[in-house]
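Hello,

I am handing over the structure below, followed by notes on what was found in it. Please read the notes with the structure open.

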There are 2 protein chains.
Amino acid sequence: MSDPRVAGIGLTHFGKHPERTGRDLFAEAGLAALDDAGVDPDDVEELFYGNFMGELAEHQGHQGPLMAEAVGLDVPATRYESACASSGVAVREAVKTVRNGESDVVMVGGAERMTNIGTAGATDALSIAADDLYEIRSGMTFPGAYALMARAYFEEYGGSREDLAAIAVKNHEHALPNEYAQMRQEITVEDALDAPTIADPLGLYDSCPITDGASAAIIASEEYAEENDLDASVAVTGTGQGGDKLALQDRQYHARAPATEAAADEAYADAGISSDDVDFLEVHDCFTIAEVLALEGLGLYEYGEGIGAAARGETTREGDLPVNLSGGLKAKGHPVGATGVAQIVSLTKLLEGRHQRADAVEDATTALAHNAGGTVASATVHVMEVRE
Amino acid sequence: MSDPRVAGIGLTHFGKHPERTGRDLFAEAGLAALDDAGVDPDDVEELFYGNFMGELAEHQGHQGPLMAEAVGLDVPATRYESACASSGVAVREAVKTVRNGESDVVMVGGAERMTNIGTAGATDALSIAADDLYEIRSGMTFPGAYALMARAYFEEYGGSREDLAAIAVKNHEHALPNEYAQMRQEITVEDALDAPTIADPLGLYDSCPITDGASAAIIASEEYAEENDLDASVAVTGTGQGGDKLALQDRQYHARAPATEAAADEAYADAGISSDDVDFLEVHDCFTIAEVLALEGLGLYEYGEGIGAAARGETTREGDLPVNLSGGLKAKGHPVGATGVAQIVSLTKLLEGRHQRADAVEDATTALAHNAGGTVASATVHVMEVRE
């Protein structure tokens, strides 16, 4: 049982593409991944595909077969849905399938169309990641839910809006050279603090944008990569998944993310590493507070310590533990179903030295991807390491 | 690598339950499966859950964590969506996970709420299993799509409405003693032929009903079953999945189901059996013509021969190859996301001799489940065998 390799990667630009269909977006990302991998498309045996709101945004379910056709693959295809962790779950299944020898080469990817239904439409569609009966019908939205979590965090551990603003500033700065990113403007802490409040204490710059986009990767067995002389030095060495109660009201913790903790524990054990071994990472920062909960849930910071990490410069590209060098969901954008695989794409490029921010992690060998669904009712963690 | 066992099963009544939520339905089925298995719920390591139209019927995505909580499981939970094959895909992943030693005990299940949104709402929601751009916007509905397939079949191979009526009559008769079935009235060929036309050549009795319901099963490793002295003699010995173009217009065949053929080939090879070894089966008869396409796709009949099987008495409970002893989707009902696992439930009960129709298959040892999505753009096949 050897570790599956990331043999190829593909992304669309993340941003507003209301005139492009989901299949059009995914075709671009999927064909780019095939091209990047240089594998024979006929060798691809299965498609693992993440999508969240296709039923509401495009009146389109059953997207597995649709997306296989869009990239020209005549293979079994399954759609995974775990809210914003949809393609993180797809990665997990793809990795397991290759690792267990069930397939030699598979495609994993995701896509989401969101801007075509407008901000109100997208906000409504996003809300189905929470509990419709007990949260949404009471008026909860996702900015509201994460605002509640931020308040719970401030109350339990301290922290301030300035701390959160530093996270937004960092992720915006990271995205500046990223040609795939939606938000490529520098912001200051003052910009963030002066921006309109979305749900107190979260302001406009604490929130990720609404985004269209797609992502894809080719996952191949080590043996296949060797036999076919693929340029595939990055391996997925650990996978983990965790769950929590769907509704905030049913949770034991509001300022912690037990689903992330469970996923991280499993992924670290699976890879045979500890949190100390992680050189850099992409985390699910749908809101700035989510990056804090992620860093602590992943065991990289003690509870209450993650909030100041960006402000202290530790998680910037010049810090010891760069976080979200792609720009994160905050600045790269968050086409929901594409996000989990987009993290794998970014980390692969960084580990291979072909990302615009790769100079920040020149000798790094170990990276981590953290994808979360809803208010972290589901989470996946993947460990990626340079091999050979 | 030993074959996973079906350690416990649970179903709700299939029918109209507009006043019950999806979580309520799934809790009933899941708790029944846990009770039937007699396993410690704390031993269950993961939930594999199928649902198709929750976004449209209940404004609820992200149902994995929701359903885990509904049955009291604090485990990672993933929702699989492949239209009407949603929980067939979940079964496949559950079986692979246990077989590969990643978990010893898992729950697999599915649920669907449909009647609360009315016939027009359910018809619209079902339509997202087809291609929205090129089929649905042209006015296609699923009865229309299967009517096109029936016409193509008649043109290519022959057959008549009487042949299809015999399938409906058979499945209605099979369901008579099934306390979980939605339709428990006997019908005649004349009833079927005289019924209102839905989409020519398909009439009311060629079409499965709209159904609420849930299903669940506990899948355990052989080793766990032995160590814990579980009553679990039925093993899932083969799994297969196939895909096809989503839209009918893009297909090579309209009177064949290549996705079923691919899934069957893989499942037979996986189990080390041939189609000749199948003693009885449950197939995806969302429309009567679908049962014909299934039987031929599974290699149980030559092309053009499956249409007459029921009329000749071969697939009735008194025939050599009983098909849909549960009543099938036609008479048992078709709560979409629950159907794939419900087939596993029915086959387990039949193989264990505790189904009302078990006398039809007394010495049988090998059964098969066939679940299909859309116009068979996706399909799963599972082989089940009595062991010990």
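Which residues in α1(A) and α3(A) meet? G22(A), R23(A), F26(A) and A27(A) in α1(A) are in contact (heavy atoms within 4.5 Å) with L66(A), M67(A) and A70(A) in α3(A). These contact residues comprise 5 nonpolar, 1 polar and 1 charged (Ala, Val, Leu, Ile, Met, Phe, Trp, Tyr, Cys and Pro count as nonpolar, Asp, Glu, Lys and Arg as charged, and the others, Gly among them, as polar).

This is a predicted model, in which local features need pLDDT of at least 70, side-chain atom pairs count only at pLDDT 80 or more, and totals for chains, interfaces and linings use all residues. Residues are numbered from 1 along each chain as its sequence is written, chains are lettered from A and ligands numbered from 1 in the order in which they are written, and side-chain values use heavy atoms, with hydrogens and water left out.

Helix α1 spans residues 22-37 of chain A and helix α3 residues 63-70 (helices are DSSP runs of H or I, at least four residues, and strands runs of E, at least two, numbered from the N terminus). Their axes are 8 Å apart, at an angle of about 50 degrees (axes are lines fitted to C-alpha atoms over the stretch in contact, and angles run from 0 to 180 degrees between N-to-C directions). α1(A) is therefore oblique to α3(A) (angles under 35 degrees count as roughly parallel, over 145 as roughly antiparallel, 65 to 115 as roughly perpendicular and the rest as oblique).

Chain B is superposed on chain A by a rotation of 180 degrees with 0.0 Å of shift along its axis, RMSD 0.0 Å (least squares on the C-alpha atoms of residues with pLDDT of at least 70 in both). The two copies are thus related as by a two-fold rotation axis. In chain B, the C-alpha of Y80(B) is nearest the axis, 2.6 Å from it.

Regards
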